[in-house]
Amino acid sequence: MTIDLMERLALLERDGTEAIGAAEDAEAVERLRVELLGRKGRLTTILRELGQLPPEERPRIGAEANRVKELLSTRLDERKKQTSVAGREASAIDLTLPGRARWRGGIHPVTQVVEEICGIFETLGFARVSGPEVETVDYNFTKLNTPLDHPAADMHDTFYLADGIVLRTHTSPVQARVMEEWQPPIRVVVPGTVYRRDPFDASHAPAFDQIEGLAVDEGITFLDLKSTISEFARRFLGPGTRTRFRPSFFPFTEPSAEVDVSCQICVGAGCSACKRTGWMEIMGAGMVDPAVFEAVGYDPERYTGFAFGMGPARIAMQRFRIPDIRLLYENDMRFLEQFG
Ligand code: 2U9
């Protein structure tokens, strides 16, 4: 008798749990509640028989019956909640709405700027070329009029991979390689990553991007440099953009200049973005030093040329008002998604 009642309680627990899990709506759950726990339900029938047991056996079976009752009751409540929420949601789904578009990734802000700048130079007749990031000291320094004991080489300390092999500190060795392979006229624009022994702080990164350009032909003058760069600035930043050329120094160009453009934010009036000067520095430029032509085998008496270089990360920072260069090189999606 005792085993029989215990078995029937176990069966009730198993069948009841299974049936509750399969109930598809709130009404089915309520029907099951009556069937399992109601006045004429399976549990009540078992409890009635409890009275026929010898008194010493009743507490154990009674306790088990209570446990099964509590368990089924909790399961019934949970299932009722689930089925009625599902019901509510089902009626709230509008199947005619268009699906939510998933973000498929975007172009990195530095890449956006690189593409735009190279695209403009391509319309001006420059070909886009690239070259190795692992370079020889010869191409990175010596051929560019910067022997390693030249003071200017200090600013280009880099990562030495082997004797005479470095991570390039600028994209300029690509132009030297182009000149060794091609004859003038040459017009190239060279985007790429470069490396320097610089701290990773708000305005420096040990690996960053550069775009450099080179034009070589007979009869190229500083006027070609000024007019090409000014036309680039107008196409890149708008037709009203003015340019200013300040004397500067680069070992591979003579004369050299820093190029400023009128501030995009205050249009020259002076604001916090341009430190109240009305101007923003955008690139460096100069006439190729005859010593560089000699190093790559061009006749310096016949050919002249101009070159320029800029940092697209700095330009992206100006354009998107990004205060810290590290944001561009950390790959934090919360930041990058804004430029998608
Ligand atoms: C050859 C001859 C000349 C490339 C040039 C600059 C001026 C320049 C820097 C600006 C900021 C790069 O990102 S940056 O650090 N560059 O100002 N670069 S002229 O001149 C060359 C290159 C190759 C054979």
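Trainee: Buried or exposed: how does Cys263 count?

Mentor: Buried means under 20% relative accessible area, exposed over 50%, and partly exposed in between, with a 1.4 Å probe and protein chains only. Cys263 has 1% relative accessibility, so Cys263 counts as buried. Cys271, at 12%, is buried as well. This is a predicted model, in which local features need pLDDT of at least 70 and side-chain atom pairs pLDDT 80 or more, while totals for chains, interfaces and linings use all residues. Residues are numbered from 1 along each chain as its sequence is written, and side-chain values use heavy atoms, without hydrogens and water.

Trainee: How many disulfides does the search find?

Mentor: A disulfide is a pair of cysteine sulfur atoms within 2.5 Å. The whole structure has zero.

Trainee: Which residues come nearest to the ligand?

Mentor: A residue is near if one of its heavy atoms lies within 4 Å. There are 18 residues around the ligand, and Gln210, Phe250, Phe252, Gly284 and Ala307 come nearest. The protein buries 88% of the 560 Å² that the ligand exposes when taken alone (Shrake-Rupley method, 1.4 Å probe).

Trainee: Which N or O atoms lie 3.4 Å from the ligand's oxygen and nitrogen atoms?

Mentor: A backbone N or O atom of Gly284 is 3.4 Å from a ligand oxygen, and a side-chain N or O atom of Glu212 is 3.4 Å from a ligand nitrogen.

Methods. A polar contact is a pair of N or O atoms within 3.5 Å; within protein, one must be able to donate a hydrogen and the other to accept it, and residues adjacent in sequence count only if both atoms are side-chain atoms.
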